[in-house]
Amino acid sequence: MDGVYSAGLSDLSAADEVTVGNSDALATVASHVAQLPGAEEVFTTLNTATFADVAVVHVAKQAVVETPLHLLFVSTGNNSISQPRCIVVAEASSQVSLIEDYVSIGDGGGLCNAVTEIVVAANAQVNHSLIQREARGMFHIGKTSVIQSQDSRYTNVAVQMGAALSRHNVETHHQGTQVETNLYGLALVAGEQLADTHSNIQYNHPHCSSDQLYKAIATDKGRSVFSGRVGVPKAAQQTSAAQLNRNLLLSNKARIDTKPQLEIIADDVKCSHG
């Protein structure tokens, strides 16, 4: 609730190989907090300086978590400011599915400035669903920062359909070979809503792949923005990267801006965008 753990509304029962908790469990993952790429961004820095509690998910080596973990972040509105923080660490050869869900109470306004940091160790797999369905009076700024080690797989499915103004900044950084990244998203905007998605995939090693597909549907005076960047340096040979943005305008006053970007320095790659 407003970025602070509510024991009475929560169920922390999970598999023995998983630690799910709040700041009381932070010691196991503290070394990763504010250490991932993007930590210097303005809203991320604001969250780091002011967050009061943190949601912690720590998956042990080789653990396979069959049941998805549902993290529900509630904003109470009434011009409140919440700074939710989440840290997820999936150790080597583990598997976990995570649902990150943002809602608000009533129709009041407020600001939710959320930061989620995810560490995917070697051969680990993280399936991450993000749903933002806050009230139309809310403003939502979300940051997802991911680092992936060798042979890891990370999939993010983000749905933005709430708040008056929302932004999702998602970036992944490859720290080994044979890394797979999948980023998918859907924005639904109506009235005078504005929904931004800014993605950044940074390759650093050869034999890695990524797939991106973002869709937007805009009606009334709604506006959606997609800006996707993929960086393929010289070291990232034999990269396979695909990026696609598909949009549907249902009103002559709706607007969608799209900016797919590929920055390729390597010469042995298979990359596409559109």
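Q: Which residues are linked with Lys143 in a network of salt bridges?

A: Start with the general idea. Side chains of opposite charge can pair when their charged atoms come close. Now the case here, in a predicted model. Glu41, Lys143 and Glu171 are joined in a salt-bridge network.

Q: How far apart are the closest N and O atoms of Lys143 and Glu171?

A: They are 2.3 Å apart. The pair links distant parts of the chain. Lys143 sits in strand 9 (residues 138-148).

Q: Is Lys143 buried or exposed?

A: Buried means under 20% relative accessible area. Lys143 has 7%, so Lys143 is buried. Glu171 has a relative accessible area of 7% and is buried too.

Q: Which residue forms a salt bridge with Glu263?

A: Arg229 does, with the closest N and O atoms 2.6 Å apart. Glu263 is in strand 17 (residues 255-264) and Arg229 in strand 15 (residues 223-232), so this bridge ties together parts 34 residues apart in sequence. Glu263 is partly exposed, at 35% relative accessibility. Arg229 is partly exposed as well, at 26%.

Q: What is the partner of Arg255 in a salt bridge?

A: The partner is Asp257, and the closest N and O atoms are 3.2 Å apart. Arg255 counts as partly exposed at 44%. Asp257 is partly exposed at 21%.

Q: How many salt bridges does the count come to?

A: The count comes to 8.

How values were computed
Residues numbered from 1 in each chain as written. Predicted model: local features only at pLDDT ≥ 70, side-chain atom pairs only at ≥ 80, totals over all residues. Heavy atoms only, no water. Salt bridge = Lys/Arg side-chain N within 4 Å of Asp/Glu carboxyl O. Helix = DSSP H or I, 4+ residues; strand = E, 2+ residues; numbered from the N terminus. Buried < 20%, exposed > 50% of the residue type's maximum accessible area, 1.4 Å probe, protein only.
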